[in-house]
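Good morning, colleagues. Please turn to the sequence and the structure on the screen while I take you through several of its side-chain and backbone features.

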Amino acid sequence: MATAGRSYNDAIDALNMLQTPFEVAEARRKAGIRPDASFIREMRVYLRRIGYSISDLDRLNIIHVSGTKGKGSTCAFVDSILAQHRRVHGTPRKTGLFISPHLIAVRERIRINSAPISEDLFAKYFFDVWDRLEGTPAVTTESGEAKEDEAAAAVPAGQKPIYARYLTLMSWHIFLQEGIDVAVYETGIGGEFDATNLVQRPVASGISTLGIDHVFALGNTVEEIAWHKAGIMKTGSPAFSVEQASSGAAGVLRDRAAEKAVDLKVLAIDPRLEGVKVRPNATFQKKNASLAIALAEKALERIGGVDKPGSTLPKTYIDGLEGALFRGRCEVKTEDDVVWYVDGAHTADSLKIAAKWFVGETSGSQGPRVLIFNQQGRTEAADFLDNIYTAAKRQGGRPAFDRAIFCTNVTYEKTGYKRDFVNHQHDPNDVEKMVTQRRFAERWASLDPGAEIQVVGTIEKAINSARDLGASLGQANKVDAFITGSLHLVGGALAILEKADAL
């Protein structure tokens with residue numbers, strides 16, 4: 001067990017201290033400070049300070065995935081295919097998966113053989129990294145000579161990287177110590193300057209669908225964003241991309257591949273998916289599955305895997321694709337009075353797709369509809385509501401949603417945030433006064449004037465509102481409740497609905 005003062009909760013409290021406070025993040029935004037090459041230089045310093053060289057990462061046989069939409073699904077598919085190969089053939093013996101964000105518990109981000117690492121293991125390795133950073137007064141170069149280089153001089157002795165970068169650093173330490181054979185890494189934001197991009201010799205890189213997201217950090221156009229996402233391609237390693245809707249984005253990927261002398265293969269939907277039950281059964285998910293097949297094949301080639309796709313997919317690939325779990329994405333949960341439709345969509349395009357999924361799932365239902373929505377800290381998010389309304393609007397004068405509830409990401413009424421959900425990067429005054437939620441409510445009132453609109457302070461209160469409506473219906477119908485807008489909201493909702501500590 002973790003020692004006193006060094007428990008999982010202690011680790012999460014310490015990790016939360018590494019979040020960039022809202023005031024600092026806002027000052028940087030106003031000053032126009034964006035991620036740049038210094039981020040990667042600093043990560044090299046941190047890696048050396050905990051005792052590793054960049055070449056050590058090659059032992060992990062990393063599959064690296066970037067993109068705007070579908071990168072999480074692609075990683076889950078690859079991980080599931082590898083798990084099935086291990087079940088049947090015994091290899092790879094151990095796989096690692098690094099994803100973000102978490103839904104309920106931070107430890108979900110770092111998985112071994114598809115399962116979140118335990119609380120004790122998380123705490124052990126968290127403080128292991130913490131102590132190594134605390135106890136390293138100087139930087140040692142990869143040749144072993146003590147030296148403070150220019151990058152190291154900018155990183156004071158004992159300093160820790162910020163939240164997401166600390167978790168990335170910790171994942172490398174865990175996977176190397178635990179003897180991982182293949183590790184699948186999802187980028188956080190972008191690619192070129194993302195913390196995960198220290199890897200120089202990935203087994204393969206994959207780029208999923210590109211679109212507009214994280215505009216402050218990455219740029220206002222899909223071409224600018226594509227430049228960042230393409231940064232994970234490395235000379236000497238194969239790269240794959242799905243077909244892009246934007247010709248400009250596709251052109252940037254081609255140009256960057258040429259600059260790096262990378263063999264970039266653009267994948268159409270794999271015809272061998274015919275008859276494979278990919279969920280949801282939609283074009284976008286088949287693109288993600290096609291990308292995952294190519295990446296998994298490269299990973300298994302590297303470690304001497306037995307199954308090799310030919311004119312048909314091996315059963316391990318089919319079982320991996322069909323058995324992949326996507327918690328918080330196109331998920332349905334049924335209670336006595338409410339059917340919950342949960343999807344963590346958070347971009348304009350993905351919200352349109354999620355809303356269409358909800359409408360399709362509830363097409364035969366006569367019960368009232370409830371929308372529970374939030375996306376904290378993004379001024380453009382109010383515009384996203386238009387796509388939800390357009391997809392969900394009904395004929396005959398009925399509102400798209402009988403009740404629309406806009407809540408903060410605060411979890412519980414009495415105790416506030418679950419420890420793993422604490423977020424210092426949003427304006428606390430905005431959250432307390434529900435400024436963002438009131439803006440959403442005004443926008444929805446203009447779109448769907450027949451809807452009853454509520455603005456509430458917690459996820460728990462939003463869920464109880466839907467439950468109360470369901471309880472008032474009697475046995476005739478159930479409420480169809482659509483929870484969407486962010487994975488943070490969805491994670492909090494699932495924690496309440498399942499009374500779970502991790503997924």
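Which residues do ring pairs link into a cluster? Ring pairs join Y341, W357, F358, Y389, F401, W444 and F482 into a cluster. Here rings of Phe, Tyr and Trp (its six-membered ring) pair if their centres lie within 6.5 Å; planes under 30 degrees apart count as stacked, over 60 as edge-to-face and the rest as tilted.

Let me state the basis of these remarks. This is a predicted model, in which local features need pLDDT of at least 70 and side-chain atom pairs count only at pLDDT 80 or more, while totals for chains, interfaces and linings use all residues. Residues are numbered from 1 along each chain as its sequence is written, and side-chain values use heavy atoms, with hydrogens and water left out.

A search of the whole structure finds 20 aromatic pairs. One of them is the edge-to-face pair of Y8 and F122, at 5.3 Å centre to centre and 70° between the planes. Because Y8 lies in helix α1 (residues 8-16) and F122 in helix α5 (residues 119-134), this pair ties together parts that are 114 residues apart in sequence. Helices (H or I, at least four residues) and strands (E, at least two) are DSSP runs, numbered from the N terminus. Both Y8 and F122 are buried; buried means under 20% relative accessible area, exposed over 50%, and partly exposed in between (1.4 Å probe, protein chains only).

I turn now to helix packing. Two packed helices are described by the angle between their axes and the distance between the axes. The axes of helix α14 (residues 381-392) and helix α16 (residues 435-447) come within 9 Å and cross at roughly 35°. Such axes are lines fitted to C-alpha atoms, for helices over the stretch in contact, and angles run from 0 to 180 degrees between N-to-C directions. From α14, residues including L385, I388 and Y389 meet residues of α16, among them F440 and W444; contact means heavy atoms within 4.5 Å. The residues of this contact divide into 8 nonpolar, no polar and 3 charged. In that count, Ala, Val, Leu, Ile, Met, Phe, Trp, Tyr, Cys and Pro are nonpolar, Asp, Glu, Lys and Arg are charged, and the others, Gly among them, are polar.

For helix α9 (residues 222-229) and helix α10 (residues 247-259), the axes come within 8 Å and cross at roughly 30°. V222, E223, A226 and W227 in α9 meet G248, A249, V252, L253 and R256 in α10, a contact of 6 nonpolar, 1 polar and 2 charged residues.

The charged end of R256 sits over the ring of W227, 4.2 Å from its centre. A charge sits over a ring if NZ of Lys or CZ of Arg is within 6 Å of the ring centre and within 35 degrees of the ring normal. Likewise, K160 lies over the face of W130, at 4.3 Å from the ring centre.

Is T484 buried or exposed? T484, in strand β14 (residues 479-484), counts as buried because its relative accessibility is 0%. Leaving aside neighbours within four places in sequence, T484 is in contact with residues including D343, L371, F373 and I388.

Finally, the backbone. Cis peptide bonds join T91 to P92, with omega about -10°, and S100 to P101, again with omega about -10°. P92 is in the loop between α4 (71-89) and β2 (95-98), and P101 in the loop between β2 and β3 (110-112). N113, although not a glycine, has a positive phi of about 50°.
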